[in-house]
Amino acid sequence: MTATLLVLNGPNINMLGTRQPELYGHETLADVEALCQRQGEARGLAIDFRQTNHEGELIDWLHQARGKVAGVVLNPAAWTHTSVAIRDAILASELPVIEVHISNVHRREAFRHHSYVSDVAVGVICGLGTHGYALAIEHFAKRMVEIA
Ligand code: CA2
């Protein structure tokens, strides 16, 4: 059976490609989804790609994914820096999570330097643009081969 990875995106990421290209590039959210689907196909993984502007919805998706997907690629966007609830939902899901940020949050405002997610994640990729999503999917594929 084909394993599934959940790719979850937090608030305002639906606006990708409309402004701040110096931070986030020119790609739209649809482009990022296409990139993830291509990477999933190349690695033999099904990709379930989603974005929400509602914190509770992201939490529900993490709960529902428990025991159903092989891993989660998560760009929590601004909730990275604010949400104990998302951190708790990651722990409740008992799923391996890779935190991805398009921009290098450590080169930005001090409030973006802290993440409630990083220390409960398998790893963090930031500052590599949307390629970070492809790298996270690649890592999960490699890890699954290693533990199979
Ligand atoms: O670099 C990232 O991927 C972030 O998660 C993006 C978040 C930001 O709050 C994090 O600190 C870092 C913001 C996403 C908003 O994206 C927009 C893109 C274009 C136009 C407006 C918003």
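Predicted model: local features only at pLDDT ≥ 70, side-chain atom pairs only at ≥ 80, totals over all residues.
Student: How far apart are the end C-alpha atoms of helix 2?

Tutor: Helices here are DSSP runs (H or I, at least four residues; strands are E, at least two), numbered from the N terminus. The expected span is 1.5 Å times one less than the number of residues. With 15 residues (29-43), helix 2 should span 21 Å, and this agrees with the distance between its end C-alpha atoms, 21 Å.

Student: Which residues of helix 2 are buried, and why do they sit on the same side?

Tutor: Buried means under 20% relative accessible area, exposed over 50%, and partly exposed in between (1.4 Å probe, protein chains only). The buried set in helix 2 is Leu29, Val32, Leu35, Cys36, Gln39 and Gly40. They are on the same side because, judged by the directions from the helix axis to the C-beta atoms, they cover an arc of only 135°.

Student: And which residues are exposed on the other side of helix 2?

Tutor: An α-helix has 3.6 residues a turn, so residues three or four places apart point the same way. On the other side of helix 2, the exposed residues are Ala30, Arg38, Glu41 and Ala42.

Student: How many salt bridges does a search of the whole structure find?

Tutor: A salt bridge here is a side-chain nitrogen of Lys or Arg within 4 Å of a carboxyl oxygen of Asp or Glu. One of them joins Arg66 and Glu94 at 2.6 Å, N to O. The search of the whole structure gives a total of five.

Student: Is Arg112 buried or exposed?

Tutor: Arg112 pairs with Glu109 in a salt bridge, their closest N and O atoms being 2.8 Å apart. Salt bridges that share partners join Arg108, Glu109 and Arg112 into one network. The relative accessibility of Arg112 is 18%, so this residue counts as buried.

Student: How much of the ligand does the protein bury?

Tutor: An oxygen atom of the ligand is 2.9 Å from an N or O atom in the side chain of Arg112. Polar side-chain atoms also lie 2.7 Å from a ligand oxygen for His81 and 2.6 Å for Ser103. Taken alone, the ligand exposes 510 Å², and the protein buries 94%.

Student: Which side chain does the side chain of Gln51 contact?

Tutor: Gln51 is found in strand 2 (residues 46-51), and its side chain reaches the backbone oxygen of Gly10 at 3.0 Å. The side chain of Gln51 also makes a polar contact, at 2.9 Å, with that of Asn53. A polar contact is a pair of N or O atoms within 3.5 Å; within protein, one must be able to donate a hydrogen and the other to accept it, and residues adjacent in sequence count only if both atoms are side-chain atoms. The partner side chain is that of Asn53.

Terms used. Residues numbered from 1 in each chain as written. Heavy atoms only, no water. Areas by Shrake-Rupley, 256 points an atom, 1.4 Å probe, with all protein chains shown as cover.
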